[in-house]
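Please examine the structure shown below.

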Amino acid sequence: MGDQGEGPAGFARARHAAFLELMSSELPDGYATQEVNHLTLAYFAVAGLSLLRELDRVNKDQIAKWVLSFQVHPEANVNLDNGQFYGFCGSRTTKFPSNLVKDPCHNGSHLASTYSALATLKIVGYDVLNLDSKVLLLSMKKLQQPDGSFMPTHIGAETDLRFVYCAAAICSMLKDWSGMDKEKAKEYILNCQSYDGGFGMVPGSESHVSQVGELSVLLRPYI
């Protein structure tokens, strides 16, 4: 065994833990181009440490505070019917205006980032039910499309099963399903089923194994 903590199959457990510990606090140079996804990368790192039972390597309270700093709150007396999504941004840079994004509101909230934020908070022991989730869920529901799918941001983007999963997981973690029309979501999920019984990303697409895990969460309210 070359590495202390390596398993019998040669899994370098200690090295993995050290790498994930680094990723939970800062991005290595090689990941600089993924800064816009910093919150999601941090979720992967914290979840990995949890799986390895190595969460004691990080300051859980500090991580929770860091994650909460990405939450977007509406300004006082703002009209909540303005179409914006008040969730979590994916990184520090997405909190500021960009010439590449035509969004006068400068609101970088994203469904995937919001899912990552809540999941990370739960892993480090923060009670997500303490969050003021009413505005988050109300604004998230406005991202749902007539066919039951979800846009990831209020300025539009692709719609597919990934973001239905994110929305469903967010509702599940917050124990409040007011953030989506479950029947429309269920209809969209079933429309993604392919001729071979599997599920694709969008209706009419080929089956993909990654959708199986997502469906276990999406269909939980109906089982």
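**The nonpolar core**

Leu 111, Leu 118, Met 140, Phe 150 and Ile 170 touch the most other members of the largest nonpolar core, which has 53 residues. A nonpolar core is a set of buried Ala, Val, Leu, Ile, Met, Phe, Trp, Tyr and Cys residues joined through side-chain atoms within 4.5 Å. Buried means under 20% relative accessible area, exposed means over 50%, and partly exposed lies in between (1.4 Å probe, protein chains only).

- Two or more residues of this core come from each of helix H1 (13–23), H2, H3, H4, helix H5 (133–141), helix H6 (161–174) and helix H7 (182–191).
- H6 contributes the most to this core, namely twelve residues.
- Ile 170 is in contact with Leu 111, Thr 114, Tyr 115, Leu 118, Leu 136, Leu 137 and Met 140, leaving aside neighbours within four places in sequence; contact means heavy atoms within 4.5 Å.
- In soluble globular proteins, nonpolar side chains tend to be buried together.

**The model and the chain**

- The model is predicted: local features need pLDDT of at least 70 and side-chain atom pairs count only at pLDDT 80 or more, while totals for chains, interfaces and linings use all residues.
- Residues are numbered from 1 along each chain as its sequence is written, and side-chain values use heavy atoms, with hydrogens and water left out.
- The chain has eight helices and zero strands; helices (H or I, at least four residues) and strands (E, at least two) are DSSP runs, numbered from the N terminus.
- Of the 223 residues of the chain, 43% count as buried.
- Among contacts in the chain with a separation of 6 or more, 61% are between residues 24 or more positions apart.

**Helix packing**

- Helix H2 (residues 38–51) packs against helix H4 (residues 111–123) at an angle of about 30°, with their axes 9 Å apart. Axes are lines fitted to C-alpha atoms, for helices over the stretch in contact, and angles run from 0 to 180 degrees between N-to-C directions.
- The residues of the contact of H2 with H4 comprise nine nonpolar, five polar and no charged. Ala, Val, Leu, Ile, Met, Phe, Trp, Tyr, Cys and Pro count as nonpolar, Asp, Glu, Lys and Arg as charged, and the others, Gly among them, as polar.
- The axes of H4 and H6 come within 9 Å and cross at roughly 35°.
- In the contact of H4 with H6 there are 13 nonpolar residues, one polar and one charged.

**Leu 68**

- Leu 68 lies in helix H3 (residues 60–68) and counts as partly exposed because its relative accessibility is 25%.
- Not counting residues up to four places away in sequence, Leu 68 touches Phe 88, Leu 121, Tyr 126 and Leu 131.
- Leu 68 and Leu 121 are 53 residues apart in sequence, and their C-alpha atoms are 8.4 Å apart in space.

**Positive phi in two loops**

- Most residues other than glycine have a negative phi.
- Arg 53 has a phi near 55°, a positive value; Arg 53 is found in the loop between H2 and H3 and counts as exposed, at 76% relative accessibility.
- Lys 175 also has a positive phi, near 55°; Lys 175 is found in the loop between H6 and H7 and is exposed, with a relative accessible area of 64%.
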